[in-house]
Amino acid sequence: MSTRGGKKTRIGVIFSAMPPEAPTWPYMGYDYEGRAKELLDKLSKALPDVELVGEVVYFVSPYLKQFVRSGSKVHTEEDIWRIVNEEMADVVGYVIWYLGLWTPGLVGVVAKTGKPFILVDDLFAGSGEFLSAYSWARKRKLRFLGIASSNFSDIVEKVKLLCLIDRLRNLKIVVIRRDFPTWFEEYEKTLNEVFGSKIVRVSVEELIAYYNQASEEEARKFADKWISNASLVEAKVEDVVRSARMYIAMKSLLEKYGAEAITIDCFPPGHKGLPAYPCLGFFQLLNEGYTATCEADLDSLITQAVIRYLTGKPGFVSDPVIDQGRGWIIYAHCLAPTRVYGVGERQVDYKIRTHSEERAGVAVQAYWPVGEPITTAKICVMKRMMVIHSGKIASNIEEERGCRTKVAAEAEVSNILKNWNYDFGWHRVSVVGDHRKELIDFANLIGLNVIEEDR
């Protein structure tokens with residue numbers, strides 16, 4: 001999690017309770033203001049890159065109105081609407097923290113903003129109201145999460161997802177194509193509506209211009225580094241240098257447009273007018289912490305970006321192959337990141353090979369860590385949906401057919417086959433680790449329907 005160019009993510013925190021004199025949970029005379037300050041301070045310490053805008057609000061249940069003194073501080077629904085639309089106008093979302101009972105109507109007012117929110121129960125204080133509000137929001141399929149836990153870090157992890165949404169709405173994506181089809185405009189619009197992300201259209205000619213400007217001396221340094229860390233198989237050294245020039249060109253475009261993500265309509269390169277294969281350039285960018293996706297697959301790119309922001313690890317875009325005989329799903333592609341645990345972490349072994357289909361240029365055959373859990377997902381922006389499944393890495397397949405990298409995982413492959421939905425295309429995006437729950441939480445918070453394709 002990080003700030004946006006020095007600007008902190010703003011999150012509204014609304015602490016909800018009855019006036020202290022009401023005989024209700026946690027107990028009459030409770031110091032709600034003190035408890036709110038304690039929790040807000042604790043959350044601020046856990047999330048130093050976040051600006052929390054806190055407010056204690058006092059609602060009155062009609063059933064307990066007789067116990068509230070005349071002149072007590074009581075908020076109306078109009079007061080709450082003013083708070084969320086003025087004091088908290090520019091927050092990315094809200095945390096509704098139930099400190100007591102009963103405060104009917106609060107969640108409905110916050111839901112009208114259309115922004116995501118997280119319901120939190122302060123145990124043995126707001127539990128009844130939390131359960132009621134959770135049920136109300138779930139039935140209406142709102143963009144929300146709920147957390148009731150004695151472990152404060154569980155609450156922190158949920159609130160972090162609001163920061164992820166903030167990063168996505170500030171994500172700028174470089175898309176390089178020779179032409180942009182008619183559907184692209186509608187895709188751009190929907191992407192911005194759902195995630196807030198923005199696309200920068202770049203021509204192949206501009207990419208080539210930067211490629212031609214790239215220093216061959218600098219490119220050879222990258223090529224030497226890649227080769228020294230790998231096994232060079234069929235690929236030619238000069239093709240590796242050309243791929244390094246492509247990497248330099250892509251990096252220059254990212255810097256020019258202030259972008260963190262890039263994708264190119266890249267296969268086959270000669271047909272697309274590209275001077276070199278971008279596979280090694282994507283590999284390097286992924287290892288550096290950027291989002292880099294082949295074949296101009298924007299659904300896979302946004303999935304990779306979500307994975308990177310959520311886990312700090314790169315996503316591997318693949319063409320999956322089902323092997324029901326061994327209970328494996330094999331994730332195959334000619335590009336895969338090797339710093340699978342994140343930037344600066346240890347690198348897995350890899351080979352530099354030709355691109356499989358054309359037996360030309362350069363590509364990566366990476367060997368992912370056997371025995372590790374693996375989570376695989378794919379977002380369909382236009383349908384506002386996400387598919388997800390998980391497994392355990394079983395092997396790295398050596399097979400000349402198909403793409404170079406082949407990571408095999410044990411999974412419920414018969415269920416995956418039964419539930420396969422081609423609305424999401426062939427590609428899926430995998431990450432090392434068990435991140436299923438966080439990804440589903442994110443999908444619920446941003447408003448994506450989820451298909452667990454292995455269940």
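Let me start with a single side chain, Lys225, which at 45% relative accessibility counts as partly exposed, because that class covers whatever lies between the buried limit of under 20% and the exposed limit of over 50%. Please keep in mind throughout that what we are looking at is a predicted model. Lys225 sits in helix 8, the helix that runs through residues 216–228, and if you look from there to Ala409, which is 184 residues away along the chain, you will find the two C-alpha atoms separated by 30 Å.

Now let me step back to the chain as a whole. There are 14 helices and 19 strands in the chain, and along the principal axes the C-alpha atoms fill a box of roughly 85 × 50 × 40 Å. How does the radius of gyration of the chain, 25 Å, relate to that of a compact globule? For 455 residues a compact globule would come out near 23 Å, so the value for the chain agrees with that expectation. Of the 455 residues, 57% are buried, and if we take the contacts with a separation of 6 or more, 73% of them are between residues 24 or more positions apart.

My second residue is His355, which belongs to strand 13, residues 350–355. Is His355 buried or exposed? With a relative accessible area of 8%, His355 is buried, since the limit for that class is under 20%. Leaving aside residues up to four places away in sequence, the residues that His355 touches include Phe267, Tyr277, Cys279 and Cys334, as well as Arg404; on the list there is also the run Ala360, Gly361, Val362 and Ala363.

Rolling a probe the size of a water molecule over the atoms shows where empty space is left. With a threshold of 30 Å³ or more, the count comes to 1 cavity, and the largest cavity has a volume of about 30 Å³. Which residues line the largest cavity? The lining is made up of Leu286, Ala292, Gln304, Gly315, Phe316, Val317, Leu335, Ala336 and Pro337.

Notes:
Residues are numbered from 1 along each chain as its sequence is written. This is a predicted model: local features need pLDDT of at least 70, side-chain atom pairs count only at pLDDT 80 or more; totals for chains, interfaces and linings use all residues. Side-chain values use heavy atoms; hydrogens and water are left out. On a 1 Å grid over the protein atoms alone, a cavity is a set of points where a 1.4 Å probe fits but cannot get out, and a pocket is an open set with protein on both sides within 12 Å along at least five of seven lines; lining residues have an atom within 4 Å of a point. Grid points are joined across faces, edges and corners, and a volume is the space filled by probe spheres set on the points. Helices (H or I, at least four residues) and strands (E, at least two) are DSSP runs, numbered from the N terminus. The radius of gyration is taken over C-alpha atoms; the globule rule is 2.2 Å times the number of residues to the power 0.38. Buried means under 20% relative accessible area, exposed over 50%, partly exposed in between (1.4 Å probe, protein chains only). Contact means heavy atoms within 4.5 Å.
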